Amino acid sequence: MEVYLCQLCKEPIWNFVCIECLGEDIRHWLPGPLSSPFQRFTELILSTFHYTHNDVDGHLRHTTRGFICGSRGRGSVCLYCYLNEVYQWLKEEDGTMAEKFLNMFSFGQRSVF
């Protein structure tokens, strides 16, 4: 069994929630004025950490199955690091929404943020 390490915390990724799908859920949750900037933030995160559902040629190699969409994506950033990055970004944009985000999306990991 191949073990994937988070590119941020270097810990094994055991919870393969698709961060692309989770980002889309967060974008829909955010109020309109934050939705577009968050979309750009998400695209930057996905490209920076080379998070994709498919390899460039469309083949599914060295991939893991995501829990939200059921598709396969490279496990490159763990759920907790991704949520922390979102929280840090949102804190800079809108502190009130950042606190609401913690209540909605932190999955009980408030101490991480």
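This is a predicted model: local features need pLDDT of at least 70, side-chain atom pairs count only at pLDDT 80 or more; totals for chains, interfaces and linings use all residues.
Me: How many disulfides does the model contain?

Reply: In general, a disulfide is a covalent bond between the sulfur atoms of two cysteines; here the criterion is a pair of cysteine sulfur atoms within 2.5 Å. The count by this rule is 0. Cys6 takes part in none, its nearest cysteine sulfur being that of Cys81 at 3.7 Å. Cys78 is likewise in no disulfide, and there the nearest cysteine sulfur, again that of Cys81, lies 3.6 Å away. Cys78 is buried, at a relative accessible area of 10%.

Me: Which elements do the buried residues of H1 pack against?

Reply: An α-helix has 3.6 residues a turn, so residues three or four places apart point the same way. In H1 (19–29), the buried residues are Ile19, Cys21, Leu22, Gly23, Ile26 and Arg27. They pack against H2 (32–48), H3 (79–93) and H4 (95–105).

Me: What does Arg27 touch, leaving aside residues up to four places away in sequence?

Reply: Contact means heavy atoms within 4.5 Å, and with that exclusion Arg27 touches Ser35, Phe38 and Gln39. A polar contact is a pair of N or O atoms within 3.5 Å, where within protein one must be able to donate a hydrogen and the other to accept it, and residues adjacent in sequence count only if both atoms are side-chain atoms. The side chain of Arg27 makes one with the side chain of Glu24, at 2.6 Å.

Me: What share of the protein's contacts joins residues at least 24 apart?

Reply: Among contacts between residues at least 6 apart in sequence, the share is 63%. As for burial, 42% of the 113 residues count as buried.

Me: How far apart are the C-alpha atoms of Ser76 and Lys10?

Reply: They are separated by 9.7 Å, although the two residues stand 66 residues apart along the chain. Ser76, in the loop between strand E2 (72–73) and H3, is buried with a relative accessible area of 5%. Lys10, in the segment before H1, is exposed at 53%. Although Lys10 is not a glycine, its phi is positive, at about 65 degrees.

Me: What is the accessible surface of the protein?

Reply: Accessible areas come from the Shrake-Rupley method with a 1.4 Å probe, and for residues only the protein chains shown count as cover. The protein's accessible surface comes to about 6,600 Å², with 54% of it belonging to carbon and sulfur atoms. Val3, in the segment before H1, is partly exposed, with a relative accessible area of 44%.

Conventions:
Residues are numbered from 1 along each chain as its sequence is written. Side-chain values use heavy atoms; hydrogens and water are left out. Buried means under 20% relative accessible area, exposed over 50%, partly exposed in between (1.4 Å probe, protein chains only). Helices (H or I, at least four residues) and strands (E, at least two) are DSSP runs, numbered from the N terminus.
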